[in-house]
Amino acid sequence: MSGPLVVLVGPMGVGKSTVGHLLAGRLGVSYRDTDDDIVAEQGRTIAEIFVDEGESAFRAIEKAAVRRALGEHDGVLALGGGAILDSDTRALLAGQRVAYLSMDVEEAVKRTGLNTARPLLAVNPRKQWRELMEARRHLYEEVATAVVATDGRTPEEVTEAALDAIESRQPRPLA
């Protein structure tokens, strides 16, 4: 197996799950989300893992989940927003078809309300989201074979743009 057909990366709330399901349907493949894998494996939410064990413990769990999914899954795979922080994970994404779904802070506010259910945004969410993006944007761009802006677009429009982008910038042919 050569890995996923498409890997979706981007910040929390950008729509990776929604677009991932739509992409998988359009491509006739299955969808998988490493955050869902972690919750199933750990038997608790990501927020609970953060609270109980801290971010570094969560990142270790996430790194293992991403490695496993990249080796096992051949459909559309969505990674958690911070998965690209790990250099080994970024190295594993080299040669993969990776679409970075991007959005600005105003779009993030509209979509998520930047609510406190997201552990990294518990205090001053707008400021923290901006800081997270300043720290992560270049990493998303580093791993991406395509960047798809989601601002002001419906999930269907983002899916179409992602299909166009990955078909034109692909290291591997579509299955």
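Two aromatic pairs are present in this structure, which is a predicted model. One of them joins Phe 50 and Phe 58 in a tilted arrangement, and the other stacks Tyr 100 with Tyr 140. The briefing below covers these pairs and then the nonpolar cores.

**Aromatic pairs**
- The ring centres of Phe 50 and Phe 58 are 4.9 Å apart, with 35° between the planes.
- Both Phe 50 and Phe 58 are buried.
- For Tyr 100 and Tyr 140, the centres lie 4.9 Å apart and the planes meet at 20°, so this pair is stacked.
- Because Tyr 100 belongs to strand S4 and Tyr 140 to helix H7, the pair ties together parts that are 40 residues apart in sequence.
- Tyr 100 has a relative accessibility of 2% and therefore counts as buried, the cut-off being under 20%.
- Tyr 140, at 0% relative accessibility, also counts as buried.

**Largest nonpolar core**
- This core comprises 39 residues, of which Val 7, Leu 8, Val 9, Leu 23, Leu 79 and Leu 93 touch the most other members.
- Elements that contribute two or more residues include strand S1 (6–9), helix H1 (16–27), helix H4 (55–72), strand S4 (98–102) and helix H7 (125–143).
- Helix H8 (155–168) is also among these elements, and H8 supplies the largest share, six residues.
- Leaving aside residues up to four places away in sequence, Leu 79 touches Val 7, Leu 8, Val 9, Lys 16, Thr 34, Val 66 and Leu 93.

**Second core**
- A separate core of seven residues has Ile 38, Ile 46, Phe 50 and Phe 58 among its members.
- The tilted pair of Phe 50 and Phe 58 thus has both partners in this second core.

Notes: Residues numbered from 1 in each chain as written. Predicted model: local features only at pLDDT ≥ 70, side-chain atom pairs only at ≥ 80, totals over all residues. Heavy atoms only, no water. Core = buried A, V, L, I, M, F, W, Y, C linked by side-chain atoms within 4.5 Å. Buried < 20%, exposed > 50% of the residue type's maximum accessible area, 1.4 Å probe, protein only. Helix = DSSP H or I, 4+ residues; strand = E, 2+ residues; numbered from the N terminus. Contact = heavy atoms within 4.5 Å. Phe/Tyr/Trp six-rings, centres within 6.5 Å; stacked < 30°, edge-to-face > 60°.
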